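Biologist: I am new to this structure and would like a short tour. Could we go through it together?

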Amino acid sequence: MLTFEKQSLSDTTKLAQNLAAFLSIGDLLLLYGDLGSGKTAFTRSLVQALGADKNVIVNSPTFTILQQYKGHGLVFPIYHFDAYRLENIGAADQGFEDYINGDGLTIIEWPQFMADILPGEYLKIEFVYDKDKRDITISASGDHYRKLLEQL
């Protein structure tokens with residue numbers, strides 16, 4: 001487990017850039033944290049670090065649940081979920097399984113609401129924000145992600 005304390009937006013961007021260098025097709029990132037804790041800002045920096053040109057707009061896909069980023073300079077597709085609206089219904093039987101461990105990188109905000117379809121291996125990124133601090137903790141589940149965390 002790695003913890004980065006007192007992260008500014010600039011620090012968060014640097015962390016996303018560093019992580020991007022180690023990500024590959026099939027990787028799964030689970031982003032935990034309260035509203036406004038930095039999950040979408042981190043995702044935006046990560047998508048840019050993976051080569052997206054300025055035409056790619058990264059927003060939280062709260063109302064659509066899934067935003068797909070393909071082309072525009074990216075070396076592989078990125079599937080960005082915001083599962084907040086799945087709190088009461090879960091993710092089973094909605095076809096979301098097709099994106100996880102598929103042909104691109106999958107990033108899920110509010111993954112606890114998709115727990116019914118998530119595999120046992122992933123990189124967990126937890127954002128804690130209050131008026132005094134913004135901490136980011138990264139932990140790994142599975143050998144692939146433990147190695148990735150060691151490299152980071």
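Biologist: At what angle do helix 1 and helix 2 pack, and how far apart are their axes?

Modeller: This is a predicted model, in which local features need pLDDT of at least 70, side-chain atom pairs count only at pLDDT 80 or more, and totals for chains, interfaces and linings use all residues. Residues are numbered from 1 along each chain as its sequence is written, and side-chain values use heavy atoms, with hydrogens and water left out. Helix 1 (residues 9-20) and helix 2 pack at an angle of about 45°, with their axes 8 Å apart. Axes are lines fitted to C-alpha atoms, for helices over the stretch in contact, and angles run from 0 to 180 degrees between N-to-C directions. Helices (H or I, at least four residues) and strands (E, at least two) are DSSP runs, numbered from the N terminus.

Biologist: Which residues of helix 1 and helix 2 meet?

Modeller: Leu9, Thr12, Thr13, Leu15, Ala16, Gln17, Leu19 and Ala20 in helix 1 meet Ala41, Phe42, Ser45, Leu46 and Ala49 in helix 2. Contact here means heavy atoms within 4.5 Å.

Biologist: Take Ser45, then. Is Ser45 buried or exposed?

Modeller: Ser45 is buried, with a relative accessible area of 8%. Buried means under 20% relative accessible area, exposed over 50%, and partly exposed in between (1.4 Å probe, protein chains only). Ser45 lies in helix 2 (residues 39-49).

Biologist: What does Ser45 touch?

Modeller: Leaving aside residues up to four places away in sequence, Ser45 touches Thr13 and Ala16.

Biologist: Which other residues of helix 2 are buried?

Modeller: Besides Ser45, the buried residues of helix 2 are Lys39, Thr40, Phe42, Thr43, Leu46 and Val47. The buried residues of helix 2 pack against helix 1, strand 2 (28-33), strand 3 (66-69), strand 4 (78-82), strand 5 and strand 6.

Biologist: And what happens just after helix 2?

Modeller: Gly51 takes a positive phi of about 110° there.

Biologist: Changing topic, where is Trp110?

Modeller: Trp110 is in the loop between strand 5 (105-109) and strand 6 (122-130). Phi of Trp110 is near 60°, a positive value in a residue other than glycine. Trp110 is buried, with a relative accessible area of 10%.

Biologist: Finally, which residues does Leu29 touch?

Modeller: Not counting residues up to four places away in sequence, Leu29 touches Leu19, Leu23, Leu46, Leu105, Thr106, Ile107, Ile108 and Leu123.
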